[in-house]
Amino acid sequence: MSAELIEIAELVTSWSDSDEQVEAVVTSDRETEVRAYEGEIESLTVAESQGIGVRVIKDGRQGFAYAGTLEENELLEVLSEARDNASFASPDEFSGLAEPDGVESVSLDVYSDGVDSLATSEKIDYALELEKLTLATDKRISGIESSEYTDVVSESAIATSTGIRSSSKESGCCLMVYALAEEKGETQTGFGFSIGRNPDELDVVKAASDASDRATRMLGSTKPKSERLTVVLDPWVSAQFLQIVGSTLSAEMVLKGRSLFADRLGETVASPIISLVDDPTNPQAFTATETDGEGLATRRNVLIENGELKMFLHNVWTARKAASTSTGSAIRSYASTPGVGIQAISLKPGGRDPVDLIAGIDNGILVQSVTGLHSGVNPISGDFSTGAEGLRISNGELSEPLREFTIGSTIQKMLKDVSEVGSDLEWLPMSSAGSTVVINELTVSGA
Amino acid sequence: MTEIQIVSSDLLEEVLSSAMKSGGSFAEIFVEDRRSTSAVLDDGLVEELNNGRDRGAGIRVVSGETTGFAHTADLSASGLHKAAEAASSAARSNSEAVVEVDLSNESTPNISEIEIFPKEVSKSRKVALLKSADESVRDAGLPVTQVAARYGDSHRVLQIANSEGLLTGDRQIRSSFSVSCVAAGDAGMQTGRESVGRTVGFELFEDTNVDEVALKAATRAVTKLDSVPAPSGEMPVVVGPGGGGVLFHEACGHGLEADLIEKSASVFAGKQGEMVAAPNVTLIDDGTMVGEWGRFAIDDEGNPAHQNVLIEDGVLTDYMWDWQRARKHGRLSSGNGRRQSYRHLPMVRMTNTFLAAGDGNPQEIIEDTEYGIYVAQLGGGQVNTATGDFVFGMTEAYLIENGKLAAPIRDGNLIGNGPQVLLDIDAIAGDFAMGSPGTCGKDGQGVPVGDGTPTLRVKRLTVGGTAT
């Protein structure tokens, strides 16, 4: 199919006139989703979807159009819409498509045929088994809100009239369960998951026990009092914060005056123990990819090293505007023009494991989940406060569960207040990995 | 209704009959043709115009408790038959059946009237709105360093048919405009945003002055340059008119969705008929509100939009229902079955959710508050329906000191527990207003929703600031 997608992309770019640049992004996904409920299949979805996005640049003006189909008569229409749209955009001397830059892309093994070869009945069994196992983990598990198996095989291709050709194929599968725990009339929830490129990498037992642990450990939770204290973020939480930090390091944010780190290159912006790397060539990341959203090779980008800000991420447009080179960091779907962003970000692990880190804390909170990241974090001003749940740390040990509180600081201050990064590192179903992170001081708002 | 015919009724009958062949108890075909346009201005330049088209059909077949679902972008007879087969084999019933589906009785919904179809408006007029918004801020002499403006319209045509003989359709047109500004001062950058969106055509811009929208966003950012860190801890929170919808959406709206109730994943399960809120609270979900962002003639299962009273004078009167949950309980859908697109299964969703006006005086509510915060604009929110814990963001808020509005405060979240917050509402004013257009996310699907409230006070909520 990849060969076919690149042919479609090339067909569209072959229609370009000599005074314009044309880029076509073509994608095709096959997916299965099974949901189990009370021992039955609640729903089974099997689907294929395709899409094409076409970008035209003429006289520095950019236009874009997309369609959720690859029918040939629609391709021409998409191109002509994009052309028409370009005529209404402002001329911008930095507009332009990617051109081959000589950087070889790494070869990544991100497709495995296990998803395609697994029978639907076995996919169903995964979802049913996950529900059954989760219910059996603990007698306080009172129900399962959802238990699902999902998989996807995605193919995509990019071609441009400027000589870019790239295509990729990847597979992924995931088990996800939400458990309800009940005791003395109180209900708590917890989720567990397992992801892989191939179904044989899925760990049903781990997903079930994680969901059960997350739900049951919150039973009997209370609201902490408001105070400033040491907070430990678990990998699931730190990975989400890394995504926010990463978003402030896009050159688009910098060039458009929206990054709190603009003009800080070469300065110390974080604790000296922080080294932050965005590396989509790392095959351990589930978001690993050989090429970026403009068809350029991805590369390893060191953003912060020992606390010092080293670089910003670029796509072709930001690179031209900043007289720099693309870092292979264009991100997009077929329905959008390329933005700039992290693709697989992680912290350099420290030397101590999480148990050891917690043992050194007299009074603190281990935060295990956060909510409201989209509503309580302002990546431009740096202010943040999010809802949180977790466990009290007393005299080096985990103790009672806590909920209905927020943690707050600013992104700038938090990066400097990091006192430890754990030796653990876990790639998660997002464009970041998590590690256990100790922050000297955050404001906890509760009772 | 030729306007909403995408696939002929003969072909729909055929496809539904073949979907029912494997013995399912219900089959449905949802056909959608959506065209959307967006235009973005940023950093003084019209960056791009984007036109999109998504067209396809989702077919579901229900057999017992199992739903089989397949979707396709291929609306030809062979494409639809292939999807019907995939959905029916997914529902995997063992019996064989011959079901004749008769779609001769087409129902006519109350489709919104549109004065100016966006597709008939030139792109240059749409772009001119962006430029005007940008210039009005840049000419205002404010310490605003960046302006981004976005215009959007969508034209969504639906055709829905099912094995019970339903054949209906809708045409939903939405228009929106938003502006985000960055202001810079000695203490760093601040942001302000304002958006308008209605289920109407380009006539939106006859009633809405985009320059005013832009200046509102700019003023918000500039005001916050003098902001102080938000307080930390429990205190009274007054929410301004139109601002509090998100609070109710999260505090109890999601918890009143029948799919979550059925799975005991809501703190409001089993509470029908009980007092769940302060006696002055009447909460309504209403998909019929003409022009509002969450308005439609029929939901995404073909049922007409309804006005549903969820809480009346503090008593929980009813939940919100989709076809599947309603069928199980032997009742009618409340018109709350919605989906993001033909690629998604429907589920229970809100439409326009609002708190009915009370008889308080907004000024007196503030004067009556010794110390607390006043939230003029809320950001998004999130809820865990099983525990009732929810957060919502504040993007324009002020301290209240000695009954008067004082310094603006920096962005942050508030956290509370839904059932407790409903009981803690101790004042509701008469100054009802609808809020900003929103996109509600649930299980990865986003749908447009509206909300509204008058000024109200919650006597105790936890403000997640950093000032102690």
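This is a predicted model: local features need pLDDT of at least 70, side-chain atom pairs count only at pLDDT 80 or more; totals for chains, interfaces and linings use all residues.
Which residue stands opposite Tyr151(B) in S4(B)? The residue is Ala39(B).

**Contact between the chains**

- On the chain A side, 61 residues are in contact with 65 residues of chain B.
- Strand S2 of chain A, residues 40-58, gives the most to the side of chain A that touches chain B, with ten residues.
- Sorted by class, that side of chain A has 34 polar, 16 nonpolar and eleven charged residues.
- Strand pairing also crosses between the chains: strand S3 (residues 61-67) of chain A and strand S2 (residues 45-63) of chain B run parallel and are joined by four bridges.
- Phe64(A) has Asn50(B), in S2(B), as its bridge partner.

**Domains of chain A**

- The domain assignment divides chain A into domain 1 (2-216) and domain 2 (227-241 + 349-445).
- Taken over C-alpha atoms, the centres of domain 1 and domain 2 of chain A are separated by 30 Å.

**A helix pair in chain A**

- Helix H4 (residues 120-136) of chain A packs with helix H5 (residues 204-216) of chain A at an angle of about 40°, and their axes are 9 Å apart.
- H4(A) is oblique to H5(A) because of that angle.
- The two helices, H4(A) and H5(A), have a right-handed crossing.
- From H4(A), the residues that make the contact are Tyr126(A), Glu129(A), Leu130(A), Leu133(A) and Thr134(A).
- From H5(A), Val204(A), Val205(A), Ala207(A), Ala208(A), Ala211(A) and Ser212(A) take part in the contact.
- By class, eight nonpolar, two polar and one charged residues form the contact of H4(A) with H5(A).

**Strands of chain B**

- Strand S1 (residues 26-42) of chain B pairs with strand S4 (residues 144-162) of chain B in the antiparallel sense, over 15 bridges.
- The residue opposite Ala39(B) is Tyr151(B), which lies in S4(B).
- S4(B) also pairs with strand S5 (residues 167-185) of chain B, in the antiparallel sense and over 17 bridges.
- Between these two strands, Arg150(B) stands opposite Ser178(B) in S5(B).
- S4(B) and S5(B) form a hairpin with four residues between the strands.
- In this hairpin, Gly165(B) takes a positive phi near 95°.

Terms used: Residues are numbered from 1 along each chain as its sequence is written. Chains are lettered from A and ligands numbered from 1 in the order in which they are written. Two residues are in contact if their C-beta atoms, placed from the backbone, lie within 7 Å. Ala, Val, Leu, Ile, Met, Phe, Trp, Tyr, Cys and Pro count as nonpolar, Asp, Glu, Lys and Arg as charged, and the others, Gly among them, as polar. Two strands pair if DSSP finds at least two bridges between them. Domain bounds come from an automatic or database domain assignment. Axes are lines fitted to C-alpha atoms, for helices over the stretch in contact, and angles run from 0 to 180 degrees between N-to-C directions. Angles under 35 degrees count as roughly parallel, over 145 as roughly antiparallel, 65 to 115 as roughly perpendicular and the rest as oblique. A crossing is left-handed if the near helix is turned anticlockwise from the far one by less than a right angle, and right-handed if clockwise.
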